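Here is a briefing on the structure shown below. It starts with the interface and then moves through the fold.

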Amino acid sequence: MIRLFYIIICAQLIVLLPAQAAEHLVKPGESIQAAINKASKGDLIKVLPGTYREKGILINKQLVLQGIGYPVLDGENKYEVVTITADHVVVQGFEIIRSGYSSMDELAAVRIKQASYVGIRNNRLRENFFGIYCQHASFSLIAHNDITSTGGSELEAGNGIHAWKSNHLVIDGNFISGHRDGIYFEFVTESTITNNKSHQNIRYGLHFMFSHQDIYTNNTFSENGAGVAVMYSRQVTMIRNHFLDNWGSAAYGILLKEISDSYAAYNEFSRNTAAIYMEGSSRLIIFANRFLQNGYGIRIQASCDNNVIRKNNFIANSFDIATNGSLVLNSFNENYWDKYEGYDLNRDGMGDIPYRPLSLFALIVERNNSAMMLFRSPMVGLLEKAEKIMPGITPEKLKDNQPSMKPFPL
Amino acid sequence: MKKIIKYSLLDILRNRVILAYTILLAVVSISLFLMEDNPAKAVMSLMNISLLIVPLVSSIFCTIYLYNSAEFIELLVAQPIRRSRLLWGVYLGMITALLIALILGIGLPLLILQPTISGLSLFLTSAALTIVFSSLATLSAVLTRDKAKGIGVSLLLWFYFTFIYDGIVLLVLFQMADYPLETTMIGMSMLNPIDLGRIGMLIQLDISAMMGLTGALFQDFFGNGLGAVLVILVMMGWMTLPILFAIRRFKNKDL
């Protein structure tokens, strides 16, 4: 009886075993691709430290590919290093270097091609053309990767994390530096970008186009060639990001072009040429942000309408607001302006006379760029004082009716 | 010549005006640094103030001193000293005194509170402007016999370079708004030592990055070696040409 019982259990185990994940070990000198081909669905492949030159690894089944002690996958400047075409794949713990450069194909260190539920975690990517390339990917996680490159020009370099026609991506805790665009989104919807650091990229820290209903929070974008660009998108939420040190004649903390129904709150903009540059944007709420030591706080073009700029701190900017027309369709309310010289007799915390954040000189410079030669000239100071007392040239309606007397604790 | 320099320097240093000037500069610079928690902003404010005060005081002080020591100069002209040496001596004495005041009033506080490149360039700009406006003042004192007229001329020169010139530039900018004026602006900034000093400072303090196309152009021009050399040459021109012209006139002047 007991024997029969044993036999039944053993038989059951034998039946069950194939359903469990097998573990494969790849040593230096062996081929990872061979291990993948040999493995069956759901297996774990562990790769030991060493350098692997595989001329392109294709993962076409559900697998976990795990590097132990950062084994190096080398693309020898010729090949795409890892291509994932199956769902439920995890690639983690590798150092992936030297993906191929081509002006025809966008060769990447890791490419996710028409796959879902993929995880790319804890990898180090060095000197690649494109870093992680998502193409028709969905429900995927790209987290804690360290992606750096020393691309020379915009043409020679690719993007750090490039996502195209994807949805439901989570991009979390990556460090990206030296690529063309740190993070590039085109036709990517309902995705989240959190806790990333995009630093010293050649063009944009984050480049965002036709990507709706996305959220990005707690990211730091610093010293990028042209800051961050968010264009042609709807319902984008931007919270608690830091836009720092984006200096240059065409650099912006954030460029908002044709954005609508979006929300930017609790962000920090420090030392940018123009913290926010808005063009053709509607129904944006810009709330409780900090604008510190920027050239321009907000450059809001006359093509923007129905935007609400409320309860922000504007401190030590050369110009708080600049605009190119006399039409004002946006509201500025309850902000703190360090240049405000009014008073608060009834002690309600709000200044009793409106503040006009657009200075005459900002307007002159906007119309005639060469006038910048007279920046901080005493002559201009005199003109500005006169304009403050009797506004004639600056738009009458552009004013904050309830400027806060004290900076908000943000 | 050394004796003349020494004499006029000591004479000026005994003067209360120069002491008041030193104290004014020192109080302004120290209080700015103590009030402002951001030192870069303090340098900025100090720049604004020194671009106004330094040229004004230099030109007024030099003109008045030259008129006040007219009798002393006449006395020395009677001695076997060359006239050019005589005026050089008085001039060098004056600028040395003014530079000492500048070092004590701005240089020392900057050295203690803000020993950076921008601090140094602020000091150098102020020093250059001191020399430029002393030269201009000497020229106006040599050219006009009447004291009131001479002081008027040097005041007018200061007013012209500080306010009127910028107004003219603004006017030109708006009259010619349809033309590309970026390079013209660089040329026009060379024609005013105060503007030149201010732009040089702004480039240093990296405000230039926000200036758009013109700023990028300024940065390209003033930021590279050749531009810097040219700026220094133009500044040197502003320092030396008025005084050379003044000395030429003084040689043949009927005292």
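Two residues are in contact if their C-beta atoms, placed from the backbone, lie within 7 Å. On that basis, 30 residues of chain B are in contact with 21 residues of chain A. The model is predicted: local features need pLDDT of at least 70, side-chain atom pairs count only at pLDDT 80 or more, and totals for chains, interfaces and linings use all residues. Residues are numbered from 1 along each chain as its sequence is written, while chains are lettered from A and ligands numbered from 1 in the order in which they are written.

**Interface, seen from chain B**

- Helices (H or I, at least four residues) and strands (E, at least two) are DSSP runs, numbered from the N terminus.
- The elements giving two or more residues to the side of chain B that touches chain A are α3 (39-68), α7 (147-175), α8 (182-190), α9 (193-204) and α10 (212-223) of chain B.
- α7(B) gives the most to this side of chain B, with 8 residues.
- By class, the side of chain B that touches chain A has 17 nonpolar, 8 polar and 5 charged residues.
- Ala, Val, Leu, Ile, Met, Phe, Trp, Tyr, Cys and Pro count as nonpolar, Asp, Glu, Lys and Arg as charged, and the others, Gly among them, as polar.

**Confidence**

- The model scores ipTM 0.78 and pTM 0.82.
- Chain B averages a pLDDT (the predictor's confidence in each residue, from 0 to 100) of 88, and 96% of its residues score at least 70.
- Within chain B, confidence is highest in helix α6 (residues 117-143), at a mean of 93, and lowest in α10(B), at 68.
- Where pLDDT is low, the predicted coordinates should not be read in detail.

**Chain A overall**

- Chain A has 4 helices and 38 strands.
- Its C-alpha atoms fill a box of roughly 100 × 55 × 30 Å, taken along the principal axes.
- Among contacts in chain A with a separation of 6 or more, 44% are between residues 24 or more positions apart.
- A residue is buried if 20 or more other C-beta atoms, placed from the backbone, lie within 10 Å of its own, exposed if 12 or fewer, and partly exposed in between.
- Buried residues make up 45% of the 410 residues in chain A.

**Domains of chain A**

- The domain assignment, with bounds from an automatic or database source, gives domain 1 (49-211) and domain 2 (226-358 + 395-410) of chain A.
- The centres of domain 1 and domain 2 of chain A, taken over C-alpha atoms, are separated by 34 Å.
- 9 residues of domain 1 of chain A are in contact with 8 residues of domain 2 of chain A.
- The domain 1 side of that contact divides into 5 nonpolar, 3 polar and 1 charged residues.

**Nonpolar core**

- A nonpolar core is a set of buried Ala, Val, Leu, Ile, Met, Phe, Trp, Tyr and Cys residues joined through C-beta atoms within 7 Å.
- The largest such core has 169 residues, and Val82(A) and Val110(A) touch the most other members.
- This core draws at least three residues from each of domain 1 and domain 2 of chain A.
- Not counting residues up to four places away in sequence, Val110(A) touches Val81(A), Val82(A), Val91(A), Ile96(A), Ile120(A), Ile132(A) and Tyr133(A).

**Pairing around β16(A)**

- Two strands pair if DSSP finds at least two bridges between them.
- Strand β13 (residues 130-135) of chain A pairs with β16(A) in the parallel sense over 4 bridges; Ile132(A) has Ile161(A) in β16(A) as its bridge partner.
- Strand β14 (residues 138-143) of chain A pairs with β16(A) in the parallel sense over 5 bridges; the partner of Leu141(A) in β16(A) is Val170(A).
- Strand β18 (residues 183-189) of chain A pairs with β16(A) in the parallel sense over 6 bridges; Ala163(A) is partnered by Phe185(A) in β18(A).
- Strand β19 (residues 192-194) of chain A runs parallel to β16(A) and is joined to β16(A) by 3 bridges; Ile193(A) in β19(A) stands opposite Ile171(A).

**Two loop residues**

- Gly151(A) lies in the loop between β15 (146-148) and β16 (161-172) of chain A.
- Gly151(A) counts as buried because it has 20 C-beta neighbours inside 10 Å.
- Beyond four places in sequence, the contacts of Gly151(A) are Glu156(A), Ala157(A), Gly178(A), His179(A), Arg180(A) and Ile202(A).
- Lys41(A) is found in the loop between α2 (32-38) and β2 (43-47) of chain A.
- Lys41(A) counts as exposed because it has 12 C-beta neighbours inside 10 Å.
- Leaving aside neighbours within four places in sequence, Lys41(A) is in contact with Lys61(A) and Gln62(A).
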